[in-house]
Amino acid sequence: MSSWVHAIARHKPVDLLRRRGRREALNEPLDDLAEDQHLAAAPDEQPTRRDLALLLATLPAAQRGGVSVSVLKVQVHRGLKHLADLMRSET
């Protein structure tokens, strides 16, 4: 049984490197791009910010702020859960 455990331990790092290699191959480093090749969208044109603003607008007023730090932590947790539920229901 110990040889089986050693084989697994030996192959785990190889599997990790393979997964990383596949993911890294999909990414183009920004350092290699010329300045005129960078995307320069205005903040209000960025889809992620727009989507986040729309999602935050769906939160109840009690979950948007104006409270103590401890209450805010609870509300952040509940708000994130609510947003995650919204995202799951849309997919």
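1. Is Gln 75 buried, partly exposed or exposed? Gln 75 is buried, since its relative accessible area is 12%. The classes are defined as buried under 20% relative accessible area, exposed over 50% and partly exposed in between, with a 1.4 Å probe and protein chains only. Gln 75 lies in helix α3. Leaving aside residues up to four places away in sequence, Gln 75 touches Ala 62, Gln 63, Gly 65 and Val 67, where contact means heavy atoms within 4.5 Å.

2. Basis of the values. This is a predicted model, in which local features need pLDDT of at least 70 and side-chain atom pairs count only at pLDDT 80 or more, while totals for chains, interfaces and linings use all residues. Residues are numbered from 1 along each chain as its sequence is written, and side-chain values use heavy atoms, with hydrogens and water left out.

3. Overall make-up. The chain has three helices and zero strands, and from the N terminus on its elements run α-α-α. Helices (H or I, at least four residues) and strands (E, at least two) are DSSP runs, numbered from the N terminus. Of the 91 residues in the chain, 5% are buried. The accessible surface of the chain comes to about 8,300 Å², and 60% of that belongs to carbon and sulfur atoms. These areas come from the Shrake-Rupley method with a 1.4 Å probe; for residues, only the protein chains shown count as cover.

4. Geometry of α3. Helix α3 has 22 residues, which at 1.5 Å a residue should span 32 Å; the end C-alpha atoms are 31 Å apart, in agreement with that figure. The expected span is 1.5 Å times one less than the number of residues.

5. The buried residues of α3 are Gln 75, Gly 79 and Leu 83. Seen down the axis of α3, these buried residues fall within an arc of 75°, so they line one face of the helix; the arc is that of the directions from the helix axis to the C-beta atoms. Their cover includes α2 (47-57). The face of α3 turned away from the buried side carries the exposed residues Lys 73, His 77, Arg 78, Leu 80 and Arg 88.

6. Lys 81 and Asp 85 form one of them, at 3.8 Å from N to O. Lys 81 and Asp 85 are four residues apart in helix α3, so about one helical turn separates them. Asp 85 also meets Arg 88 in a salt bridge, at 2.8 Å from N to O; Asp 85 and Arg 88 are three residues apart in the helix, again about one helical turn. Lys 81 is partly exposed at 49% relative accessible area, as is Asp 85 at 34%, whereas Arg 88 is exposed at 57%.

7. The Arg 50 pair. Arg 50 forms a salt bridge with Asp 51, with the closest N and O atoms 3.3 Å apart. Arg 50 is partly exposed, its relative accessible area being 46%, and Asp 51 is also partly exposed, at 37%.

8. Nonpolar surface. Val 67, Val 71, Leu 72, Val 76 and Leu 80 form a nonpolar patch on the surface, together having about 380 Å² of accessible area. Patches are made of residues with over 30% relative accessible area and no salt bridge; like charges are joined within 9 Å, and nonpolar side chains (Val, Leu, Ile, Met, Phe, Trp, Tyr) within 5 Å. Val 76 is found in helix α3 (residues 69-90) and is partly exposed, with a relative accessible area of 42%.

Methods
Salt bridge = Lys/Arg side-chain N within 4 Å of Asp/Glu carboxyl O.
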